[in-house]
Structure formats: structure tokens, C-alpha cells
Amino acid sequence: MRRGRVLAGFLLAILTAMAAKYCLAQAAMRLPGELAWNIGYDPKTFDPAKVDDIDSETVRYLTGGVLLRFNRLTQKVEPQLAESWNVSPDGKTITFRLRAGLKFSDGSALTSRDAAWSIQRVLLLGDSAPVSAEFVAPDGVHVDAPDARTVIVHLPQRVVEIGKVFDEIAIEPAGRLSEGRVTSGPFYVANYLRSQYVRLRRNPYYELRDADGSVLPRASGVLLDIVENPEEQIRLFLRGDSDVIDRLSPEYYEMLRQRNPGTVRDLGPSLNTEQMWFNQSPASPLPAWEKAWFRNQAFRVAVSQAIHRDDIARVVYLGHATPAYSFISPANTAWYNRNLAPPRTDVAAARAGLLRAGFRLQGAQLVDADGHPVRFSILTNAGNDERLKMATLIQQDLSAVGMQVNVVTLDFPALIERLMHTQDYEACLLGLENVDADPNEMMNIWLSSSPNHQWSPSEKTPATAWEAEIDKEMNLQATSRSDAVRKAAVDRVQQIVADEEPFIYLVYPNVLVAVSTRLEGAQPAVLEPELWWNVEDLHLRGTR
Amino acid sequence: MKALSRLLRSLARTLALVLLVMIGSTLLVRLAPGYLSDAREMDARYSNTVREELAQEAARSHSLPRMLAREANSWLHGDAGISRQFGVPVRELIRPRLAVTGGLLLRSLLLGWALALTAALVASTRRKSGIVWQAPATLLLAIPTAAMATLCLLAGSGGPVFVMALLIAARDFKFLCRMLRQAWLEPHLLQARAQGIRMRRLLAVHVAAAIGAQLAALAGLSLVTALSALVPVEVLFDVPGVGQLAWNAAMNRDLPVLLAVTLLMALAVTASGMLGGQPSEWERA
């Protein structure tokens, strides 16, 4: 009898093994000649005019034909659907001449009427189209199409680096919204399965050719798998189901480097910064003495001097980051101030500075002139390992000068509420993503009246003389026609920020990417999209 | 008549549960820090007009009764509201994910039960329930689901079905083993075994009948176990199902989505409880 039960168990085990094999099988689907990589979430929209998230931006970049393309490698604007363009001497009129014989992906003709309509639509959408704000005064912009191949844009005032704005405006068929199904770019949206993938197919009417006249894009399509989990992204890459990974974390970079050394690349410092700042807002509910510390320049400088940025780069980023002292990264060669003289790491100088500012040590604890112990919390967002580690290292560094620091992590909505609404925080550690090299993009961070002037948002008038000077210099760089004047103004702002330390810059994380050895044509760049900015040239080996 | 009143009672209980879930979820989300904030506020590209619109939207979302009325209204219209995060009807978000999650649950339950039954059948042949059989199940139960999933990811083998099946198997094994052991020791089974009745017939006619009602209850419990593991498993393995949606909704304070998912989960648990309890009620009747 027992033998019978064992036999039944054995049969069940075989059935279980078969079921397990079926259950654990995961099918990967990729069409011949198709490129594949991952996006984190569903694109919020396929309407190219309304893009405001990174995943929709990826789809727009791959599908939207634009008049001008900003070359991420040379950092120069190049004609794309336009064969030529010029800006009038006063900077208020831009004239585009379209290429001859342009067509949309459904075979219909693309004329200046479509281009004018697409630009006007972005302007009319106003706040729903984030790119419209880049025209500074979108209400006053007029667009004409005097003939089938000419588009003229009249601006009410000069806009700095106006060419780059047209890199973000996809030309769509006039009056026919297609949500990416009919496009003028290299690909069009062929299929979208929510939460699973977006499949793009090659636009058969794409007019652009490479230097030897070959049809572009070289790949037959792009499969964008929606994969949020970075571990899963790595697994897909290692399995050959994905060709590239951007924004690799240092840990995954090192892991891939050990497993597949030829696939990873460290492109050096990015344009992004990681920084901490103290809450200097008069509206914050902090006690008066804490506000006094945070508004004290000597206090902020001492904190900056006590932080070992080299250790952060070495320990937190495993050497894949560069110590930062300015809001402009050395990768931004045109705007970085090479003569910057910031207060460098020097713990002895930090202690001396604090003593001069009226602080004193009571045993191992730093206290202010009134005897209040210097104790505060650094807030950062939960789920970001690097920031948590940086905060922990800063906690350790500041204990060396007698400051007691707590590290608090909050999920993003809760963090935003503290920063933007209640202002109930002491210090915050976050990063800033700079998608554009031009400092004009940072106006809302530096102008004292802006809600994104994080250390003291929405000031009615500049709270300090140095903030007033930053306002003046930033406005100057935004309006000047002289590149030299603009550069001088931005250099001055960098020096003021380095002296006053409203943001204590920590590191510029390096751009870490992985590229499959099967992929040809990849020329990773520091600017986004780092890996597929030249998607027309990308193809898998042997499928060209 | 009795059946009808029982049905009405069940319906009233379910309705009360739905109302409680609705009020409880809305209250929790409303009180969660950051409910009134929006990620766009941190984006320096947005103009003051957008910020004003966001502030007005936040002001509209301030009152709890108004929030409840809005959610109830959207449910009455059948679209379960508009997702705050994705800006599309919740119904559209959930429908494709339900199929994914349903498939995952079904496969995990089948594999989990097959594993548990196999192990229980073999273990119940032993006179005593040895540590060799109990220890792995206890160990698996002690490991958090998320840790198990992470281990699989790091090892590069095993997937969401495997993790959930292991969890279900570990939880059900002990019950199944005890049930089978007791069944084998029933006097009529001992008699049947002594008479040399064939194994297949014993299992099909006697053992299955003896443990049938308990198996139904256990099936309900298995479903609850699987549902409880759904969120970490789907999030870690990147399965585009309802659990992953729930996690994203919680992280983004997306009340309409959270409410829909919570209601679905509550109804699934209630239904599984009712199904599990039904056979024993029939038996008593």
C-alpha cells in the first residue's frame, strides 16, 4: 500500500516538473532587424505636443520628425526636415526652407502648412505643451507658410538658443492627430500594449539618407519593453533581449563590467548635479535660531568644507562620479567656469570658520552662541540608494565638526509636500537633472521670485544682496545678444554660488551606459538621449 | 427561502464591505503625506499658470466628502474614475492587467498545489512527520516574499510563478500533510487498505471524499496567500499586473486606481472565503 502512495507521489512529481517548466518559461519576442531596449513606465501620452515625461519623450524622439535636430555629440543644431534655416539679425524672425518631396509615414505629402500647424498647435496648447514656455512669450508668436516649402516664425522678443526649441516640436499632419501613428520621423507607433511594450516600425517614407545614400533608419523597428525594475533590465540585457541600457547605477555598471567587460562605458561627468541645501525660507516653521544658522554664510561654507566629496565619489559611486562645486558640470565645456575658486574640503578651516561665526564646541557637540546644540535632519527621497549613502557619509563628516545630523527618507509625494508646501524641513539632499547645456534652462532655479528657488522659494524681493546680483546676472545672460557677455554673467553666478553656498554641490554622477556588442552605430553622448540620439544609424550586426 | 435569505445576507455583507473599503481607502490616501502635491511642482520648466492650476486642483481635492462623492460617482458611471498618474480611465488600466494577474495566480496556484500535494502524499506515507519534511516548509515561510524574489533575481533563475508557487506550497503543505495523515488513519480506510483495495480507487473514492470540504477551504486560503504576495512579486519581477499597478498607485497617491485595486482584492478575498465555507455548510446541511 505504501508503495502505491509513493508511486502516486512520483507521478505527481513528474506532472509538477512539467507544469513548472511551462510556468517558468518566458517568451521574448523580437522581430528581425528590430532594436530593443527598455523604458520604465507607460508613456503618458503619444501626442508629441503634450510630452512631459521621459518615456513619452523617448517615443517622441524616435517618431517625431523635427525641423532642426540638436546633435548630442557636437552640441550643434543641424537641419533635419528643413534643408536650411536662418535667424534675422534682431533674432525675432526664423525662416525655414523644407526639403523637397517630404512625406509622412502614411505616404501623404508633408508641406510647410503641416509644419506651421504643428508649431501653432504647440503654442495654442500653452501650459499643456511644456515646450511652449521655451518661446518665453508664446502668445505673441506668429507662424506663416508663404509657400509649400517655407515656414516663417515671428517672435515678439529674441529667445536665446531658439534653434534647440525646434528639436522638441514634432511635425504632424495638419488637422490629423494620430498619436504617433502617422509621423514624419524615422519610426511610427505600430503597436502599444499597455504596461508591456511599445512597438515602433520603420517609416517607409523617411527622406533622410546617410552619406553614401543608404536608406535611414537602418533598423526595421524598435521594441520598447516597459520594464520598471532595474534588475529585470539587466537580466534582459544579459539575455540579449535588450540592446542598450542608459542611466546605469554604479553597482550595475560594475556587475556588468565583470560579466561582460566590453559592453559598459563610463562617459565621464554628466550635466546632472547632486546637492544639498538648507531651508532659508522665512515662511518655514523652524525655530528662529535654526533659521539663523542656515542663513549664515559661514555656517554653510563650513558644512561644505567639512564634506569629503572625494569619498562620496569613491564610496557611493564606486569612482563613477566627479566632485562638484558648481551648478555647471565640467562636461558642459562651453559654460563651465574654469577659474572658479570654491571653498574646498578642509575640516580645520571649517572648524575655524564656525568658531569665528560664534559657534563653539561643548564637548563633542557644536553649539551656537546661545547654547543651542547644532542638530538637524537631512531629508532625501526614499528608494535612492546613492542619496541615502551620501547622506550617511555627510552625517559622518559633519560629526567631525560637532554637528549632529539625522537622515530622513520620504517617498516623493511626501517630500514634495515638505519642500513646496509646508517647508517643514531643515536640509534636503536631492539631484538636479539638466537636460540642456544652456544655463538659460536654469532660470527658474536661480531667479529669487521662482517657486523652484529651493532654498527660499518665491521671494517677493531678493532676500540678500547676492541673490539680487544672481537675478541681475541671470536676466542679463537671458537677454544679451553677445555670447561673451552671457558667458561672463554665468561665470559670475557660478562664483557667487560657490562663495555663498545656497546649494552645496556634492558630485556630478558619471554617465554610465551599456551597449550590446551586437549593436553597431552607437555613439553614446553625455546629453539625453545618450544612446539613441542617432537612432537612424543604429542597427544590429548583420541586419543592415 | 433559507437559501434566499442567506444569499441576501451575503450580498448585504459584501455591500457593507465595499462601502467600508471605499471610505477606508479614501481616508487613508487623503491623510497620506503628499496627497495634495504633484511632481510637476518640482519641475522648473512649468510656468506659474500651471502651478496655479495645480493649486486649484489641490484645493478641489481637499474635502473628504467631496472626494468620496467623486469616486462614488465615477463608479456609478462605470469607468472607476480617471487615474491621477496616467490620466486615463482606471477601467482601461486595470482590464489588461487583470488578465496578467489572473494568469499568474492560476499558474502559481496550480504549481503550488501540485508541489504541496506531491510532498504531502510522500510525507504522509511516513509514520511520523519528520523534520526533513517540515523544515523546508517552515524555512520557506520564514523568508519574506520580497527576499525570495530578490534571491531569484540575483541567482538569475526562477520567476514570479516559482516564488508564488513555493510560498503557496509551503503554506499548504502542512495542512495537506495533516489532512492526508488523518484520512489514512480513518477506520474505514484502514479496513479498505487491509482488504487490498487499489490505491487509485482509495484516493479517488475515499481520501478525496474525506478531505474534499477541507480542500475547498484550503483553496480559499491559498488564494488569499497568493494575493498577499502579489504586490512584492509583481513589483520585483516587473510583471505588468494589478499588484504592480497598486504599488505605483500607492507611491503616487493615485486614489482612483488604489480604490479600484483595493475593492478588487477585497471582493476576491470575500469570494474565496465564501467558496471555501460553502462545502462545509453543504455538508452540515
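Student: How many helices and strands does chain A have?

Tutor: Chain A has 15 helices and 22 strands. Both are DSSP runs numbered from the N terminus: helices are H or I with at least four residues, strands are E with at least two. This is a predicted model, where local features need pLDDT of at least 70, side-chain atom pairs count only at pLDDT 80 or more, and totals for chains, interfaces and linings use all residues. Residues are numbered from 1 along each chain as its sequence is written, with chains lettered from A and ligands numbered from 1 in the order written.

Student: What share of chain A is buried?

Tutor: A residue is buried if 20 or more other C-beta atoms, placed from the backbone, lie within 10 Å of its own. In chain A, 44% of the 544 residues count as buried.

Student: And how many residues are in the largest nonpolar core?

Tutor: Such a core is a set of buried Ala, Val, Leu, Ile, Met, Phe, Trp, Tyr and Cys residues joined through C-beta atoms within 7 Å. Here the largest has 103 residues, with Met276(A) and Ile378(A) among those with the most contacts inside it. Strand E20 (residues 503-515) of chain A gives the largest share, 11 residues.

Student: Which domains does chain B have?

Tutor: The assignment gives domain 1 (2-76) and domain 2 (98-240). Their C-alpha centres lie 38 Å apart in chain B.

Terms used. Buried ≥ 20, exposed ≤ 12 C-beta atoms within 10 Å, placed from the backbone. Domains from an automatic or database assignment.
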